[in-house]
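Please open the model in a viewer and keep the sequence beside it.

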Amino acid sequence: MEAFLTSTGIVAIAEIGDKTQLLAILLASKFRRPWAICAGIFAATVLNHLLAASFGTLVATWIGPEVMRWVLGLSFIAMGAWVLIPDKMDDDEVGADKRRFGAFLTTTIAFFLVEMGDKTQIATVALGARFENIYLVTLGTTFGMMLANVPAVFLGEAATRVVPLNVVRMVAAAIFVAVGAVTLFLPGLLG
């Protein structure tokens, strides 16, 4: 359960104000088909994060535990800094003809592509390496993505006004830095 809960919490917090959440709001305003958009987010996230967690688990087998501890600790601290940088989303990232493929397919493709190299995908790689449990990490990160994005789809831009994004970014950064510091200096504490 630790892999699932940690993955859920880290990704849900990191996703607030992220470009994929902005994409969810944009798609919701363009299509006005929230269930199809949520299904597309789910499909894209499962596939993307399954690949990322698999890669993280594979990396964990290539390098020794001491090197892995330092890589993970420093990665989480770097993620803490990265979370503080607000993401921007423009219409061109979604594609010129958003309606040609329908809400589900457009969302699935756009989310999968926009998530490539995103902080939540990189966090999923690190979590896969940390816990070496592809399925629980994928389930947790997917659940975290859905926790952050489903309200954004249904509430649209109003949701971003309710949550002060600067405060959320600072809390998320603090959590990443804390996880990194614990990984580096108190390795037994996290398992």
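A residue counts as buried under 20% relative accessible area, as exposed over 50%, and as partly exposed in between. Trp70, at 37% relative accessibility, is therefore partly exposed. The model is a predicted one, and the stops that follow should be read accordingly.

**The whole chain**

The chain contains nine helices and zero strands, and its pattern along the sequence reads α-α-α-α-α-α-α-α-α. Of its 191 residues, 48% are buried. Among contacts with a separation of 6 or more, 90% are made by residues 24 or more positions apart.

**Helix 3 against helix 6**

Select residues 34-62, which form helix 3, together with residues 119-131, which form helix 6. How are two packed helices described? By the angle between their axes and the distance between the axes. Here the axes come within 6 Å and cross at roughly 40 degrees. Helix 3 is therefore oblique to helix 6, and the crossing of the two is right-handed.

Now display the side chains at this contact. Helix 3 contributes Asn48, His49, Ala52, Ala53, Phe55, Gly56, Thr57 and Ala60, which meet Thr120, Gln121, Thr124, Val125, Gly128 and Ala129 of helix 6. By class, the residues of this contact are six nonpolar, eight polar and no charged.

**Helix 2 against helix 7**

Next, select helix 2 (residues 19-31) and helix 7; the latter spans residues 134-155. The axes of helix 2 and helix 7 are 8 Å apart, at an angle of about 30 degrees. Angles under 35 degrees count as roughly parallel, and helix 2 and helix 7 are therefore roughly parallel to each other. The crossing of helix 2 and helix 7 is right-handed.

On the helix 2 side, select Thr20, Gln21, Ala24, Ile25 and Ala28; they meet Met145, Ala148, Asn149, Ala152 and Val153 on the helix 7 side. The residues of this contact comprise seven nonpolar, three polar and no charged.

**Met145**

Remain in helix 7, where Met145 is placed, and centre the view on that residue. Is Met145 buried or exposed? Met145 counts as buried, because its relative accessibility is 0%. Show its surroundings: apart from neighbours within four places in sequence, Met145 is in contact with Val11, Glu15, Thr20, Thr45, His49, Phe111, Glu115 and Thr120.

**Thr107**

Move to helix 5, residues 102-115, and select Thr107 within it. Thr107 is buried, since its relative accessible area is 0%. Beyond its neighbours within four places in sequence, Thr107 is in contact with Leu27, Ile37, Gly40 and Ile41.

**Aromatic pairs**

Show the aromatic rings. How many aromatic pairs does the structure hold? There are four aromatic pairs, and two of them are visited here.

Select Phe4 and Phe143. Their ring centres are 6.0 Å apart and the planes stand at 25 degrees, so the pair is stacked. Phe4 belongs to helix 1 (residues 2-15) and Phe143 to helix 7, so that the pair links distant parts of the chain, 139 residues apart. Phe143 counts as partly exposed, at 41% relative accessibility.

Select Trp70 and Phe185 next. The ring centres of Trp70 and Phe185 are 6.4 Å apart and the planes stand at 85 degrees, so this pair is edge-to-face. Trp70 lies in helix 4 (residues 65-83) and Phe185 in helix 9 (residues 165-185), so the pair ties together parts that are 115 residues apart in sequence. Whereas Trp70 is partly exposed at 37%, Phe185 counts as exposed at 57% relative accessibility.

**Glu132**

Finish in the loop between helix 6 and helix 7, where Glu132 lies. Most residues other than glycine have a negative phi. Phi of Glu132, however, is near 50 degrees, a positive value in a residue other than glycine. With a relative accessibility of 49%, Glu132 counts as partly exposed.

Methods. Residues numbered from 1 in each chain as written. Predicted model: local features only at pLDDT ≥ 70, side-chain atom pairs only at ≥ 80, totals over all residues. Heavy atoms only, no water. Helix = DSSP H or I, 4+ residues; strand = E, 2+ residues; numbered from the N terminus. Buried < 20%, exposed > 50% of the residue type's maximum accessible area, 1.4 Å probe, protein only. Contact = heavy atoms within 4.5 Å. Axes fitted to C-alpha atoms, helices over the stretch in contact; angles between N-to-C directions. Parallel < 35°, antiparallel > 145°, perpendicular 65-115°, else oblique. Left-handed = near helix turned anticlockwise from the far one by under 90°. Nonpolar A, V, L, I, M, F, W, Y, C, P; charged D, E, K, R; others polar. Phe/Tyr/Trp six-rings, centres within 6.5 Å; stacked < 30°, edge-to-face > 60°.
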